[in-house]
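Have a look at the model below, then try each exercise before you read its solution.

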Amino acid sequence: MWWFDPIHQFIDGFVANFDDWLDALSDTDLVQGYANNELSIPIIESLHILSVSFVVGTILFVDLRLMGFFRGVSIRRAEKIVPYTWWAFLLAVVTGTLFFLQQPRMYVHNEAFQIKFLLMALAGINLAAFHFGVWQTADAWDDGRPPPAAARAAGVISALLWIGILFYGRLVPFVG
Amino acid sequence: MNRLLHLHQFGLWLNTLPIKPSINAFTRNSIYALPIIQWIHIVGVAVICGSIMLISLRMMGFLKFYPSLADMARRLLPWTWLAIVVNVITGAIMVIDRPTRATDSLTFPYSMIFLILATILAVYFALSLRRDPLYWESSRSRQTWARVLGAVSVLLWVGVIVGDRLIVYARGPI
């Protein structure tokens, strides 16, 4: 990824300081215990894909509402799915951590993995800006009117970031 | 199941398809070709989870904050149909790219059977709710059936997703 290369080199140099520590982490009995169980990987992968697709699927439809689709549905109502999204996100984080612990050094140096986490950080910032910003005025525009520009922007940015997160997550095993 | 359906022979037949060389050329042309196909496929899976999966959960009696099942179905199911079409196309590209990888897998046939059943069930949900928006609420027995069929639909879609994720792990007899 030409645009990310300078950042990639910077992060690589920084995380290299922790390589020995990360190798020790994956060598612990706990991690080796499940890593050597041949059923663990398929189970973790299955739960990860289910939780990730639930997270992104529910976020995408809330984003579409923020962009102005489904205006017949109250945004306050549509948004009630979000607690379920957070539970699925928790499962995705747990299963993702179980992947990570098996080969942490590979992951922290993996360019796609780095971009995926950069995009997740940006999605978090976007969510916080939305939550403490235009969302506070939601009652004023939750009547079928086109959402304000800030809400539409938050929806577009969120949808693009999460679709990007899926892409770079999928790319992790393909790049060194 | 693989032997019953003669899947290995089916895989060998897929190998002879005239379109196969062009698909192989496409996926080998760039290291990004395959991940991009898989990416589109996974976005489709996410759309399935955000549409028919939520409708099925609502059928089961969860997500009561969405008051109208018929309204949910009318708004969300078009996205389900789109995702199914896109994923059948991207899935077919991946299967034809390496046919026996899929056809010699123990989970792949179940995944495809679940997909057909889940799609039929989704069409049934759509038709019943189009005819009568309150169809699944209009009697006690229909409410019970809604819960059962909603649960079956959720399990089928989970089966489709997990079965496809496990293709590489469960190699069958040839």
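## Two helices side by side

H8(A) and H10(A) are roughly antiparallel to each other, a term for angles over 145 degrees. This is a predicted model, where local features need pLDDT of at least 70 and side-chain atom pairs count only at pLDDT 80 or more, while totals for chains, interfaces and linings use all residues. Residues are numbered from 1 along each chain as its sequence is written, chains are lettered from A and ligands numbered from 1 in the order in which they are written, and side-chain values use heavy atoms, without hydrogens and water.

**Exercise 1.** Find the angle at which the axes of H8 and H10 of chain A cross.

*Solution.* Start with the positions: H8 spans residues 111-132 and H10 residues 149-171. Next, the axes (lines fitted to C-alpha atoms over the stretch in contact) come within 9 Å and cross at roughly 160°.

**Exercise 2.** Locate the salt-bridge partner of A:Arg105.

*Solution.* A salt bridge needs a Lys or Arg side-chain nitrogen within 4 Å of a carboxyl oxygen of Asp or Glu. For A:Arg105 the partner is A:Asp23, with the closest N and O atoms 2.6 Å apart. Then place the pair: A:Arg105 lies in helix H7 and A:Asp23 in helix H2, 82 residues apart. Finally, A:Asp19 joins A:Asp23 and A:Arg105 in a network of salt bridges.

**Exercise 3.** Are A:Arg65 and A:Asp142 buried or exposed?

*Solution.* First, their side chains meet in a salt bridge at 3.6 Å, N to O. Both A:Arg65 and A:Asp142 are buried, that is, under 20% relative accessible area (1.4 Å probe, protein chains only).

Technical notes. Axes fitted to C-alpha atoms, helices over the stretch in contact; angles between N-to-C directions. Helix = DSSP H or I, 4+ residues; strand = E, 2+ residues; numbered from the N terminus. Parallel < 35°, antiparallel > 145°, perpendicular 65-115°, else oblique. Buried < 20%, exposed > 50% of the residue type's maximum accessible area, 1.4 Å probe, protein only.
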